[in-house]
Amino acid sequence: MCRHLGYLGPAVPLAGLLLAPPLGLLRQSWAPLDMRGGGTVNADGFGVGWYPGAGAPPVRYRRAVPMWTDASFAQLATAVSSGAVLAAARSATVGMPVVETACAPFAEGRWLFSHNGVVRGWPGSVAGLAAALPTVDLLTLDAPTDSALLWALARHRLRAGESLVDALAGVARSVTAAAPDSRLNLLLTDGTTLVATTWWHSLSVRADADSVVLASEPFDDAPQWTAVPDRSLVVATTDPAVSVRVHPLDTAAK
Ligand code: GLN
């Protein structure tokens with residue numbers, strides 16, 4: 001199952017966040033420690049979205065190659081700094097294509113989105129949810145994958161004015177109702193707030209005095225890391241101060 005990471009805090013070089021840590025996303029792309037539910041490496045592509053500052057929308061870099069093979073990204077990552085980042089390394093679910101457009105983060109406007117996991121019974125199990133989307137959304141899916149459909153469902157809610165929390169929780173609830181046994185660790189940000197779900201997959205949080213990281217796996221052995229319980233909704237921000245709230249992700253229909 002893929003790995004993802006979200007960061008909010010003072011601007012840091014992307015390399016310091018993703019490549020340098022001993023168990024960072026780079027290392028997790030070839031030697032993850034906690035791959036629940038299948039897969040051994042995360043070598044089917046990667047993506048990084050970062051906010052360049054001054055209110056500008058996020059910039060995205062995605063490739064359908066293993067992170068460790070991309071020397072250009074390694075160089076770029078030392079030169080680019082950001083205070084809001086969402087990154088992912090992909091392990092494609094069997095049968096789903098290995099293409100750049102299937103790599104998180106998925107994006108629109110200020111939103112960046114990622115999914116660790118799998119929608120069981122895809123696509124049939126969630127055909128009813130897909131059918132409720134505008135046809136044009138289905139015709140313009142990023143890729144024929146479960147994660148791209150999850151993004152289309154979340155984006156539809158965000159476009160309708162739902163908050164990040166409501167959109168992510170709404171997608172998790174509706175998809176787990178339609179496709180039980182799915183693994184739905186979702187991650188969404190607007191550059192100011194990070195929202196994540198845990199549904200049958202690993203997630204850890206690290207909050208410091210002025211920053212917060214949500215990651216599928218801790219990227220070092222710092223004592224601040226804590227594991228997020230399964231079936232939780234996490235809301236993290238650094239504005240105006242660092243705050244991390246973890247709520248049970250109630251499955252009851254809203
Ligand atoms: N099922 C998704 C994909 O194939 C995510 C894969 C994962 O988490 N391993 O893109």
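Predicted model: local features only at pLDDT ≥ 70, side-chain atom pairs only at ≥ 80, totals over all residues.
Q: How many residues does the largest nonpolar core have?
A: A core like this is a set of buried Ala, Val, Leu, Ile, Met, Phe, Trp, Tyr and Cys residues joined through C-beta atoms within 7 Å; buried means 20 or more other C-beta atoms within 10 Å of a residue's own. Leu 168 turns up again here, as Ala 154, Leu 168 and Leu 214 have the most contacts inside the largest core. Its residue count is 73.

Q: Which strands do the buried residues of H7 pack against?
A: Helices (H or I, at least four residues) and strands (E, at least two) are DSSP runs, numbered from the N terminus. In H7, the buried residues include Leu 164, Leu 168, Val 171 and Val 175. They pack against helices H4 and H6, and, among strands, against E7, E8 and E12.

Q: Which strands stand at the edges of the sheet of 6 strands?
A: The open sheet runs in the order E5-E6-E7-E8-E12-E13, with antiparallel pairing (at least two DSSP bridges between two strands). Two of its strands each have a single partner strand, so one side of each is left without a neighbour in the sheet. Those edge strands are E5 and E13.

Q: In E6, which residue is the bridge partner of Phe 106?
A: Strand E5 covers residues 106-108, and 3 bridges join it, antiparallel, to E6 (residues 111-118). Across from Phe 106, the bridge partner in E6 is Phe 113.

Q: Which residue in E11 stands opposite Ser 204?
A: Ser 204 belongs to E9 (residues 204-207), which is joined by 4 bridges to the antiparallel strand E10, through a hairpin of 4 residues. In E10, Ser 204 has Ala 215 as its bridge partner. E9 also pairs with E11 (residues 226-227) in the antiparallel sense, over 2 bridges. There, the residue opposite Ser 204 is Ala 227.

Definitions and conventions:
Residues numbered from 1 in each chain as written. Buried ≥ 20, exposed ≤ 12 C-beta atoms within 10 Å, placed from the backbone. Contact = placed C-beta atoms within 7 Å.
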